[in-house]
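Trainee: Could we go through the terms used for the spaces and helix contacts here, setting each value against its definition?

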Amino acid sequence: MKDDCIATPHSHGENATLRPRVEEQILVRITGQDRPGLTAAVMGILAKYDAKVLDIGQADIHSTLSLGILIRMDEMKSGLAMKELLFKATELGVNIGFSPISDDEYEDWVGHQGKNRYILMMLGRQLEARQIQAATQILADQGLNIDSILRLTGRKSIKQLDKHTRACIQFSLRGEPTNRQEMQSKLMKLSQEMEVDFSFQKDDMFRRMRRLICFDMDSTLIQTECIDELAERNGVGAEVRAITESAMRGEIDFKESFTRRVALLKGLDVSVMQDIAEHLPMTEGVDRLMSVLKTCGYKIAILSGGFTYFGEYLQRRYGIDYVYANELEIGEDGKLTGRYVGEVVDGHRKAELLKLIAQVEKVNLAQTIAVGDGANDLPMISEAGLGIAFHAKPRVVANAEQSISTIGLDGVLYFLGFKDSYLGEQGKL
């Protein structure tokens, strides 16, 4: 509370009577049908009585307004201001309410500003009350308070159904989870049970300034494994799949399985690779994602245990900045020799490359993103500031803090904080 000495309204000259200036806080709440000029009208009245705005927030759902304004003003003027606001509310056809806020209540509220802030995003084809209830109960159990809720996806028609529909809402949270690992585990379990994806991130400057994104290629950017496509063309599909499954069971490591699978490709004509590249099945959302990332200046890399031939094809198609993958050796007869050239790009190498590119681009690791589906993507997913498991194997989902399993790859945009309304032409399907 602030006390100053001021002249009373009817005092003048040497005989003016001084009284202490007393200021108070009032929370003004306005609800009703939204319309242009409403906020300007309210602020015009508050300005007339010299009100200071301590906080303001507004939500608009289906043209229904909910506006809150916390003001501090001379208590001698507050009665007149509230009376005038009541008349204006009646004129505008909205509801208005007032709540006094004591100095101690206000200071206690201000003191909570020092608490950590987090962002939780929920993503799916559609969101239902049962999913939101379950997620917000987990937050409440962890002692986190929801400050605001924001819809990131556009409004969808209920008459013209779209198979690629998507829904994402963002919760702004305050506080510190009592057990973050337990909370993360419950969110991932809920994700699998209710077909909804989550991203829980600290709301710091790095979340708003991501600059480098690294993708796995096979079963991430494209909906196939290129080595399987090559094996089928060479008549050894079953043998290659058996080795792949053995590696996934942990019976052999990636380098050994890769060497054995490549050996089975011996004799395949290189022209087959071009045909496969031109008919690669792209993952849902890739075109939209790449368009937005390039427009917004992100550096994009492919870090793949697949083959450079296909990575470079995607590089030309999307303007990707870096491609690191495995190089197949081609003989003088234009056929694959069954060997590879150079170092194998395995999980460890992917993590090294992410750090190397970040260093070259002068990007803090906290500003990096890694997206992949397989066990050999876990090292780079763990290393990146934001690691995302995409339609991933159970082991990968269990070890990643963020996952997308319900929609296409453009779901990454929402985890980066993009709203459909920001994206304009680049955001169209």
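Mentor: In this predicted model, the largest cavity is lined by Ile30, Val42, Leu85, Lys88, Ala89, Leu92, Val94 and Ile96. The model being predicted, local features need pLDDT of at least 70 and side-chain atom pairs count only at pLDDT 80 or more, while totals for chains, interfaces and linings use all residues. Residues are numbered from 1 along each chain as its sequence is written, and side-chain values use heavy atoms, with hydrogens and water left out.

Trainee: What makes a space a cavity and not a pocket?

Mentor: On a 1 Å grid over the protein atoms alone, a cavity is a set of points where a 1.4 Å probe fits but cannot get out, whereas a pocket is an open set with protein on both sides within 12 Å along at least five of seven lines; lining residues have an atom within 4 Å of a point. The structure holds 1 cavity of 30 Å³ or more, and about 30 Å³ of space lies in the largest cavity, a volume being the space filled by probe spheres set on the grid points. Helix 2 (75-92) gives the most to this lining, with 4 residues.

Trainee: How is the lining of the largest cavity divided by class?

Mentor: The lining has 7 nonpolar, no polar and 1 charged residues, where Ala, Val, Leu, Ile, Met, Phe, Trp, Tyr, Cys and Pro count as nonpolar, Asp, Glu, Lys and Arg as charged, and the others, Gly among them, as polar.

Trainee: What volume does the largest pocket have, and which element gives the most to its lining?

Mentor: The largest pocket has a volume of about 1400 Å³, and strand 4 gives the most to its lining, with 7 residues. By class, that lining has 14 nonpolar, 14 polar and 10 charged residues.

Trainee: Why is helix 6 called oblique to helix 9?

Mentor: Helix 6 (residues 226-233) and helix 9 (residues 271-278) pack at an angle of about 130°, with their axes 11 Å apart. That angle makes helix 6 oblique to helix 9, because angles under 35 degrees count as roughly parallel, over 145 as roughly antiparallel, 65 to 115 as roughly perpendicular and the rest as oblique. Glu229, Leu230 and Arg233 of helix 6 make the contact with Val272, Met273, Asp275 and Ile276 of helix 9, contact meaning heavy atoms within 4.5 Å.

Trainee: What makes helix 9 oblique to helix 11?

Mentor: Helix 9 and helix 11 (residues 308-318) pack at an angle of about 40°, with their axes 10 Å apart, and that angle makes helix 9 oblique to helix 11.

Key. Axes are lines fitted to C-alpha atoms, for helices over the stretch in contact, and angles run from 0 to 180 degrees between N-to-C directions. Helices (H or I, at least four residues) and strands (E, at least two) are DSSP runs, numbered from the N terminus.
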